[in-house]
Protein chains: 2
Amino acid sequence: MAQSEFELIARYFSRLGADRMDVRISVGDDGAVVMPPPSRELVLVTDTLVEGAHFPVGSPAASIGHRAFAVNLSDIAAMGAEPAWALLALTIPRYDEAWLAQFSRAAGDLCRKHGVLLVGGDTTRGPLTITVTLAGIVPVGVALERKGGQAGDAIFVTGSPGDSAAGLALEQGRLHVADAMSAQILRDRFLFPTPRSEIGVALRGMASACIDVSDGLGGDLEKLCAASGCGAEVDAAALPVSEALSGAVGRELAREYALTGGDDYELLFTVPLARLGAMNNAVARGLGPVTRIGSLVAGGGVRVFARGGVMQFSGAGFDHFAR
Amino acid sequence: MAQSEFELIARYFSRLGADRMDVRISVGDDGAVVMPPPSRELVLVTDTLVEGAHFPVGSPAASIGHRAFAVNLSDIAAMGAEPAWALLALTIPRYDEAWLAQFSRAAGDLCRKHGVLLVGGDTTRGPLTITVTLAGIVPVGVALERKGGQAGDAIFVTGSPGDSAAGLALEQGRLHVADAMSAQILRDRFLFPTPRSEIGVALRGMASACIDVSDGLGGDLEKLCAASGCGAEVDAAALPVSEALSGAVGRELAREYALTGGDDYELLFTVPLARLGAMNNAVARGLGPVTRIGSLVAGGGVRVFARGGVMQFSGAGFDHFAR
């Protein structure tokens, strides 16, 4: 890319996101300089989106910009941290001003909403690949981890997992849904996922373990269980499938999407029984959409109880539901 | 990539680099948790290498691993910070264990040497692209910037710029050098650049402005001048061209490489005359290879004085030296 193109690109990213008083040097020098608050730990996350692997070729630039930051915000939320500063490594095949404008506007909107300022980055020419790095802030010793869950803890999930996988299937023409409004809701859940930043912060001191659901609820629950050294029992009937999804594909298939779909960017977490009261109070005070789906148990593995039988999660997926 | 391949890959990166006591949660959770020291600022940098753009297709994996971290270490050095924690976003076209072993070994060697621990990352499948993010630590208010230089300040550069560009030309078959030892020295300067971490830290409180030389000395000096609001005069005869380079291509062409080549990852910095004594003392005490090449002047632009005339830097390069 010509030098002047890099300079033009830099303009799109020079004040992207929220105003932050703790940034002393931002985009434009060899590095950014930020001032971490005293007595806090930092949470560092990075995630890459590759065209054709993490989003379909030709996805809207606004969706790509949103998702590149959302997937990282979700990781920060899963750690119980507040997001603060972002770096963007953007590899693009060509200089396309309209694309850059849409990408950066959507990214900026999401960053502002979550209090994040883009403080640096790198623009390179190549196959479309976006890596965002986020730094978040958390009080000492309270970051949520995948480990820490114990047998008996209640398992919760935010939002309505499965929507995003169905939305991607719609985008790719692998799924057809008659109802246009349901189809749009599902597509938007893939294109513009909602990171659960506020819920993540509220879970500090309440959740015993937490992971963000990016590869599918069942698989990610398996990871939480492995890290925590226990197993899980999930009640299929309790899975919070959305009306859009169950209306579009039926309740049974909706549950399969919820268990094995990916790209949800919801939080999956466990709460000790002793803190269930506090958890219910938080929900009553408006914590947000959280649903109890089961319990951690002694042993290992993830079992799902449904009308018709029990299924064992197999790593790649579940056996089909008995109907 | 199959899930098990991702798990195998994670093993290569689970303890890469130096031991650090300030890392509470490392590779393997949704994010890393690190403990910044009190009363310090953080420096955040990120740089991407794309195959075919930043290194030739088929470059040795060890070189790619080294360079991916070196270019970021160089940015941290240019800010006068100490590197601490790294994140690696690695996009690879296929699972290749030998490649991963060589890549991670070279990256680990360099990180250990510079006190850096890899604390997280993301592995994805796609065209070979490597983004490293580094966080460094610096006392409050002393980070070096591109701005801050003033007319009269002496201009210094570390090492011998130009070697790396010649090394790349050799790698690409655009340059032929009869002397095999010189050719190897130059190739190695491209393949395994030396980040100037210790010099960067030593320049705190001494340098008035600093930038790392990644796009060519002339162009990067122009950026320092633009940020500092002044111009520069460079003495071509003072440029520290290496014996390997001048022996290989002659002194005049060597100076052109030094001024317009790229990928040097040397530090270019300015020192006020009042601190030149301290600077010379630091050099005498073993600061490392630094050479004065000119002075900042009032006005703007970069002029190079050589036997035969004065050249004005044009953004893309210099006019040829008169011979």
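Colleague: What makes domain 1 and domain 2 of chain A separate domains, and where do their bounds lie?

Modeller: In this predicted model, chain A is divided into domain 1 (5-139) and domain 2 (154-311). The bounds come from an automatic or database domain assignment, so the division rests on that assignment. The C-alpha centres of domain 1 and domain 2 of chain A lie 26 Å apart.

Colleague: How do you know that the two domains of chain A are in contact, and how many residues take part?

Modeller: The criterion is heavy atoms within 4.5 Å. By that criterion, 24 residues of domain 1 of chain A are in contact with 18 residues of domain 2 of chain A. The area buried between these domains is about 1,600 Å², and carbon and sulfur atoms give 62% of it.

Colleague: Why is the pair D263(A) and R67(A) called a salt bridge?

Modeller: The closest N and O atoms of D263(A) and R67(A) are 3.5 Å apart. The cut-off between a side-chain nitrogen of Lys or Arg and a carboxyl oxygen of Asp or Glu is 4 Å, so the pair qualifies as a salt bridge. The count between domain 1 and domain 2 of chain A is two salt bridges, and eight residue pairs there are in polar contact.

Colleague: Which element of domain 1 of chain A gives the largest share of the side that touches domain 2 of chain A?

Modeller: At least two residues each come from α2 (61-78), β4 (82-92) and β6 (129-139) of chain A. The largest share, eleven residues, comes from α2(A). This side of domain 1 of chain A divides into 15 nonpolar, six polar and three charged residues.

Colleague: Why is D163(A) said to tie parts of the chain together through R189(A)?

Modeller: The salt bridge between D163(A) and R189(A) has its closest N and O atoms 3.0 Å apart. D163(A) lies in helix α4 (residues 163-171) and R189(A) in helix α5 (residues 180-191) of chain A, so the pair ties together parts that are 26 residues apart in sequence. Over all chains, the structure holds 34 salt bridges.

Colleague: How many residues does each chain give to the contact between chain B and chain A, and how much area is buried?

Modeller: Chain B gives 50 residues and chain A gives 50 residues. The area buried between chain B and chain A is about 3,900 Å², of which 56% comes from carbon and sulfur atoms. In chain B, D30(B), L42(B) and L44(B) lose the most area to chain A, together 18% of what that side buries.

Colleague: What makes R24(B) and E41(A) a salt bridge?

Modeller: The N to O distance between their side chains is 2.9 Å. The cut-off is 4 Å, and therefore the pair counts as a salt bridge. Between chain B and chain A the count is six salt bridges, and 17 residue pairs are in polar contact across the interface.

Colleague: Which element gives the most to the side of chain B that touches chain A?

Modeller: That element is β3(B), with ten residues. The side of chain B that touches chain A divides into 23 nonpolar, 14 polar and 13 charged residues.

Colleague: How do you know that β2 of chain A pairs with β3(B)?

Modeller: Three bridges join strand β2 (residues 32-34) of chain A to β3(B), running antiparallel. At least two bridges are needed, so these strands pair. In β3(B), L42(B) is the bridge partner of V34(A).

Notes:
Residues are numbered from 1 along each chain as its sequence is written. Chains are lettered from A and ligands numbered from 1 in the order in which they are written. This is a predicted model: local features need pLDDT of at least 70, side-chain atom pairs count only at pLDDT 80 or more; totals for chains, interfaces and linings use all residues. Side-chain values use heavy atoms; hydrogens and water are left out. Buried area is the accessible area (1.4 Å probe) that two parts lose on being put together, summed over both. A polar contact is a pair of N or O atoms within 3.5 Å; within protein, one must be able to donate a hydrogen and the other to accept it, and residues adjacent in sequence count only if both atoms are side-chain atoms. Helices (H or I, at least four residues) and strands (E, at least two) are DSSP runs, numbered from the N terminus. Ala, Val, Leu, Ile, Met, Phe, Trp, Tyr, Cys and Pro count as nonpolar, Asp, Glu, Lys and Arg as charged, and the others, Gly among them, as polar.
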